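I opened the model today to look up how its parts meet. My notes follow the order in which I went through them.

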Amino acid sequence: MGFLNIDNVIKHYHDVEVLKRINIEISQGDFLVLVGPSGCGKSTLLNMIAGLDEITDGDIWINGKQMKGVHPSKRDIAMVFQSYALYPNMTVAQNISFGLEMRKVSKPERETAVSRVSKMLQIEPLLNRKPSQLSGGQRQRVAMGRALVRDPQVFLFDEPLSNLDAKLRVDMRTEIKLLHQRLDATIVYVTHDQIEAMTLATKIAVMNGGVVQQFGTPEEIYDNPVNTFVAGFMGSPSMNLVPAKVIKVEGRLSYQIETKNAGEPLLLPVGRDEMAISKYLDQEITVGLRPETITDPESANHTEGTVHEANLLVDLTEPTGADMYVVTLLGGQEVVGRMRNRAKAAAGENARFAFDVSRNVAFDKASGERIQ
Amino acid sequence: MSARSQDRPSQDRLSQDNALRSAIYWRALIYTLLIVIAVIYLAPLFVMVVTSLKSLEEVRLGNMMALPLEITFEPWVKAWGTACLGLDCNGINGYFWNSIKMTVPAVAIGTLLGAFNGYVLTKWRFKGHNIVFGMMLFACFIPFQIVLLPMSQVLGILGLANTTSGLVMVHVVYGLGFTTLFFRNFYEAFPDELVRAAIMDGAKFFTIFWRILLPNSGPIIVVTVIWQFTNIWNDFLFGASFASGESAPITVALNNLVNSSTGVKEYNVHMAAAITAALPTLLVYVVAGRYFVRGLMAGSVKG
Ligand SMILES: Nc1ncnc2c1ncn2[C@@H]1O[C@H](COP(=O)(O)OP(=O)(O)OP(=O)(O)O)[C@@H](O)[C@H]1O
Ligand SMILES: [Mg+2]
């Protein structure tokens with residue numbers, strides 16, 4: 001059994017089933033990220049782990065101990081809230097030590113703990129300020145300090161970075177990651193930002209509509225999405241999901257994809273999962289192409305022999321500085337590819353595209369489930 | 001093009017001047033109006049103060065609005081210490097303290113209970129919390145007169161008839177609807193996450209109330225205290241009904257003083273007594289009102 005075990009957890013609010021049989025298991029030191037669109041039940045699940053909300057059915061185990069009926073303060077858990085929830089009437093130092101005070105830790109010990117944590121988070125000069133005198137990033141740090149000082153078994157973070165501006169968010173993200181590595185802490189982290197999920201997690205649970213769509217390592221989630229929801233949600237720009245037909249060309253299983261020049265479809269060899277996909281011969285499916293697998297020929301990786309080239313009409317180019325996103329129409333949909341910044345592609349003209357077919361994935365058209 | 005752009009500025013200045021002038025006119029008009037209204041409102045107070053500083057002869061002979069020819073504090077001293085209410089001539093000071101002894105505990109208890117109710121009704125919701133709140137809200141609309149008879153019966157049963165403690169209880173009970181309403185609405189907007197954070201920190205039910213909710217309730221405490229203080233201090237009906245004689249509050253005493261029909265009407269003493277009776281509420285407004293505004297401002301700038 002894992003360190004944190006979410007076992008068949010169901011949550012109803014009145015008649016609405018908000019969580020539908022959630023099963024997640026992680027080990028000591030794991031960084032679990034719960035990711036999903038707004039309203040999918042991430043915060044609800046986090047509150048169940050914290051014990052702030054009652055579970056309708058199922059149970060949660062932490063370090064082999066059943067949590068049913070255990071009060072939030074007795075679970076050895078600390079939580080960082082989205083709004084930081086700093087007590088406005090207390091100074092930073094009082095905020096950090098309040099939890100210890102409630103646990104009847106002596107004053108000298110509390111002071112030692114506060115100075116240890118404030119040193120770690122570099123908030124020593126702020127200790128005598130009130131929360132209203134802090135910037136967003138500083139408040140964030142104090143909120144983390146309040147959690148760290150208790151040295152709990154599990155940390156819970158509910159969208160801790162969503163109130164920060166873009167730059168600060170990236171900085172704090174790095175800091176949280178460093179903190180995790182340094183403390184070897186077990187963390188459950190809620191976000192709806194898939195980049196945060198990819199960069200921080202050792203395990204990701206992608207949720208939608210109260211169901212865990214997929215649970216796995218960031219690589220598994222990214223490379224082997226189990227359905228079109230996960231495929232479309234993770235990655236930025238998101239995976240291109242294009243209607244295609246499975247056909248055989250010269251004995252080779254291929255995807256036939258409509259292009260703008262109607263007479264001439266794009267033919268891409270099926271690079272993986274051929275056994276499963278062959279059952280769909282002559283049927284319509286959805287093929288998923290990551291933008292980074294669609295490049296200019298020069299930047300493609302030709303060593304594996306899985307690159308397939310084609311001429312396609314460019315609809316739009318979006319230079320970002322480092323790369324250039326190139327949009328073309330495939331299967332009636334805008335498809336984004338990522339080329340070198342100075343690649344030969346211009347809007348309204350034909351350009352040479354290189355597809356790395358080894359990384360394409362196929363989904364059932366009706367159900368959206370992965371074919372593999 | 002160039003010619004146009006050259007005479008543009010002067011035109012602008014002209015219209016600016018016009019705008020400025022009409023703004024000044026408006027301002028003058030508004031200020032005049034405000035001053036007139038203020039004078040009308042302050043006139044009675046002026047008369048009271050002036051009269052209370054005159055000797056009785058001067059009051060009888062002179063103009064009501066005229067300043068005193070000779071300032072005397074005699075009426076104040078008399079009102080406080082030796083004026084006759086009915087048969088006993090000890091002034092109003094005893095009744096003033098009665099009012100203090102009634103108002104301060106009633107305000108404190110009422111405010112605290114209201115805060116506690118608001119806390120439970122918003123942060124520890126139970127089944128039917130809305131019905132309970134609805135009923136408390138209803139209590140705000142019950143007129144004084146309806147309460148009188150049942151209340152006097154209850155006071156009689158509790159043995160609190162004609163006592164200051166009895167009056168405290170009456171005012172706490174009657175004010176509870178309002179104080180609960182104030183605090184419930186304030187705590188409704190108070191972030192749940194703070195309470196949840198405190199729960200995770202290990203704080204218990206009452207600790208959360210004392211250490212988290214109450215210290216962050218400054219503005220609403222001030223509002224409630226002003227409201228309760230003025231209502232309870234100025235109350236006449238409950239005081240006259242439940243605490244006659246020795247334990248009467250100052251409002252009742254003032255009435256007795258004015259109605260004491262021995263000899264001439266000492267207007268100067270009456271005025272001094274009336275101002276004395278009004279001073280505490282004025283003080284509460286002046287002192288707490290400033291915190292009230294400050295509290296509102298702080299709330300609005302906080303992120
Ligand atoms: N107390 C409640 N009563 C009824 N429904 C609720 C309650 N709390 C949450 N819900 C519902 O449960 C669902 C999941 O809510 P939750 O807050 O867990 O979403 P979330 O994934 O955290 O979303 P977000 O990213 O917006 O924070 C939502 O549809 C919400 O409306
Ligand atoms: Mg949420």
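**Entry 1: chain A against chain B**

I began with the contact between the chains: chain A and chain B bury about 1900 Å² between them, with carbon and sulfur atoms giving 59% of it. I note at the outset that this is a predicted model. I counted 28 residues of chain A in contact with 16 residues of chain B.

Next I looked up the polar side of this interface. There are 3 salt bridges between chain A and chain B. For one of them I noted the partners: Arg211(B) and Glu101(A) meet through their side chains, at 2.9 Å from N to O. The residue pairs in polar contact between the two chains number 11.

I then asked which elements of chain A supply at least two residues each to the side that touches chain B. They are α1 (42–50), β6 (77–80) and α2 (92–102). The largest share comes from α2(A), with 4 residues. By class, I found 15 nonpolar, 8 polar and 5 charged residues on this side of chain A.

**Entry 2: the two domains of chain B**

I took the bounds from the domain assignment, which gives domain 1 as 2–79 and domain 2 as 93–300 in chain B. The centres of these two domains, over C-alpha atoms, are 35 Å apart. In contact are 12 residues of domain 1 of chain B and 12 residues of domain 2 of chain B.

Between them the domains of chain B bury about 1100 Å², and carbon and sulfur atoms account for 79% of that. Of the area that domain 1 buries here, 43% is supplied by Met48(B), Leu56(B) and Trp76(B), more than by any other three residues.

I found 1 salt bridge between the domains of chain B. Lys78(B) and Glu266(B) form a salt bridge, with 2.4 Å between the closest N and O atoms. On the domain 1 side, α1 (2–52), α2 (56–61) and α3 (74–81) of chain B give two or more residues each. That side divides into 7 nonpolar, 3 polar and 2 charged residues.

**Entry 3: a sheet in chain A**

Last, I looked at an open sheet of 3 strands in chain A, in the order β15-β20-β16, with antiparallel pairing. β15 (294–295) and β16 (307–313) each have a single partner strand, so one side of each has no neighbour in the sheet. I counted 2 bridges joining β15(A) to β20 (350–356) of chain A. Thr295(A) stands opposite Ala354(A) in β20(A).

Technical notes: Residues numbered from 1 in each chain as written. Chains lettered and ligands numbered in written order. Predicted model: local features only at pLDDT ≥ 70, side-chain atom pairs only at ≥ 80, totals over all residues. Heavy atoms only, no water. Pairing = 2+ DSSP bridges. Domains from an automatic or database assignment. Contact = heavy atoms within 4.5 Å. Buried area = accessible area lost by both parts, 1.4 Å probe. Salt bridge = Lys/Arg side-chain N within 4 Å of Asp/Glu carboxyl O. Nonpolar A, V, L, I, M, F, W, Y, C, P; charged D, E, K, R; others polar. Polar contact = N/O pair within 3.5 Å; in protein donor to acceptor, adjacent residues only side chain to side chain.
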